[in-house]
Structures are given as C-alpha cells and as structure tokens.
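Hello,

Here is the structure I promised to pass on. My notes follow below it.

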Amino acid sequence: MAKSRSSSGSRRARPAAVITLDGPSGAGKGSVGQRLAIQLGWHFLDSGALYRVTALAARQAGCDFGDITGLVGLASGLNVRFEPQVGSDACVLLDDRDIGDVIRTEEIGRLASEVAVLPPVRQALLKKQQTLRQPPGLVADGRDMGTVVFPDAELKVFLSASPAARAERRYNQLKDKGLDVNLARLAEEIRVRDARDEEREVSPLKPADDAYIIDSSHLSIAQVVERVLSLLRKRQGR
Ligand code: C5P
C-alpha cells in the first residue's frame, strides 16, 4: 500500500501549515507572532507560556522540581488556550481564566527554564503543542518549534536581537505592566536564562538548519511581520 494512503485507502489530509518563530527572550517573537496570527487568521501558540504555566502550577501545588512524575502529571493535565492580541501579550486562558499577567514575571520565566531542562516534561508538552496544529494554520513561538515540535513547518524563522535591545524591550514590557524592574538586573536574568536554554542537552535554543534568521535589533514589529509575510509568499510561490 502506498505510504501516503491511510488504512481506509483515502489520501491523508495534509497537516495545517505552520510558521515557527524561535529565538531568545526579548527578540520580539510574541509580538510578531500574534500580529502574524491575526493578519493570517491562523491559530497562535505561545509555547513559553506552557512552560511558565507548568512552573506556576508546580509552585502552587508545592510540587518539587525533583518530582518528575508530579510535574509530568501537571504538564499533561493543563487545559490552556491562547488568544492573540495586538499591542500586548497573548491572553493565556487556563481553564478559561486569563492568567497571562501572573506568569509573565522574570521569576516565573526562570522557574520555567528550570522545568524546561527536564526531558519528560518536554515530552508531555510536545503532544499538547502538536495538537494545536489546526486549519487554517498555526503560528508557533518558542525555542524548539522549528527544530523539534514542527520540523516540517512551512516556514521557519529564527528571530534574534542584540542583548541590549532584548533587555530594553523586556524592561519596557514589564514597566508597562506596572512591575518594578531594574534594567541591569533584568539584563543579567535574561543572560542566565538564555545560557540555560542554549546549553541544555534536550531541545536547546538554536536555529533549525532551514530557518531564515532575522535580526530585529533595528526593526519595528511591523517591519519584521512584513519580512515574514514576504518569506511566506515566496515559499508558497506567490
Ligand atoms: O518564551 P518565554 O520567555 O515565555 O519562555 C520561558 C522559558 O520556557 C524559556 O526561557 C525556556 O526555558 C522555556 N521554553 C522552552 N521551549 C519553548 C518555549 C519556552 O524551553 N519552546
């Protein structure tokens, strides 16, 4: 039997198109990804939020990061969906309750990156992420979207920016939320978190071999969105 036919003999439906946006924190993936999703009318996945929610749930449940079974249970049971917004972070709905603001502190970011080094937790979240691939398409933002979660994506982008630009963006985002932040401390926290993400053994932060690399240090969100859309049009032969 031909590989592309299912057991009933009919052709398997082509999976929905995916654009992956990977890169370090503060590179603009979230803002760019949400605008792309809204403009294309596609779904949006903020995979970092899944790691953040897992870390928060573990803290609330008093689950130690050495308790792998407990963490996997928490990660597998998450009922999370995302609603992209223009001009702010995506709504993260956990059991229909928006917990976006609670998970976006640097402290939860650090805990998320500690949980993210654990292979069984990544495995539990992998399936959850892949189920969000639904028609008409998905824009997926994270660290390993193009390398591990959606290796067959239609378009892969790795978004980078200088450490100074990234720290300043995160600083402004947190300030806008009314949080008390210190730029030098934030820059150091981001440096430590990125190093942990790049150096971990499983699914480290790195561009996929076939990713387009965009340096957003001197580009506006709208300019990056336009570049990605133009790459997508080229890939789709339009
Ligand atoms: O993107 P965000 O800053 O919300 O991600 C929080 C942390 O979650 C990252 O620092 C990283 O450790 C982890 N993460 C990951 N893989 C992803 C997305 C996020 O390991 N695809």
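β7 (155–160) gives the largest share of the lining of the largest cavity, three residues. Helices (H or I, at least four residues) and strands (E, at least two) are DSSP runs, numbered from the N terminus. β1 (17–22) also gives two or more residues to this lining.

This is a predicted model: local features need pLDDT of at least 70, side-chain atom pairs count only at pLDDT 80 or more, and totals for chains, interfaces and linings use all residues. Residues are numbered from 1 along each chain as its sequence is written, and side-chain values use heavy atoms, without hydrogens and water.

The search of the whole structure found one cavity of 30 Å³ or more. A cavity is a set of points on a 1 Å grid over the protein atoms alone where a 1.4 Å probe fits but cannot get out; lining residues have an atom within 4 Å of a point. Points are joined across faces, edges and corners, and the volume is the space filled by probe spheres set on them. The lining includes Thr20, Asp22, Lys156, Val157 and Phe158.

Now the backbone. Most residues other than glycine have a negative phi, and most peptide bonds are trans. The bond from Pro135 to Pro136 is cis, with omega near 5°. Pro136 sits in the loop between α6 (119–131) and β6 (137–142).

Asp95 has a positive phi, near 50°. Asp96 has one too, of about 70°.

Best wishes

Note on methods. On a 1 Å grid over the protein atoms alone, a cavity is a set of points where a 1.4 Å probe fits but cannot get out, and a pocket is an open set with protein on both sides within 12 Å along at least five of seven lines; lining residues have an atom within 4 Å of a point.
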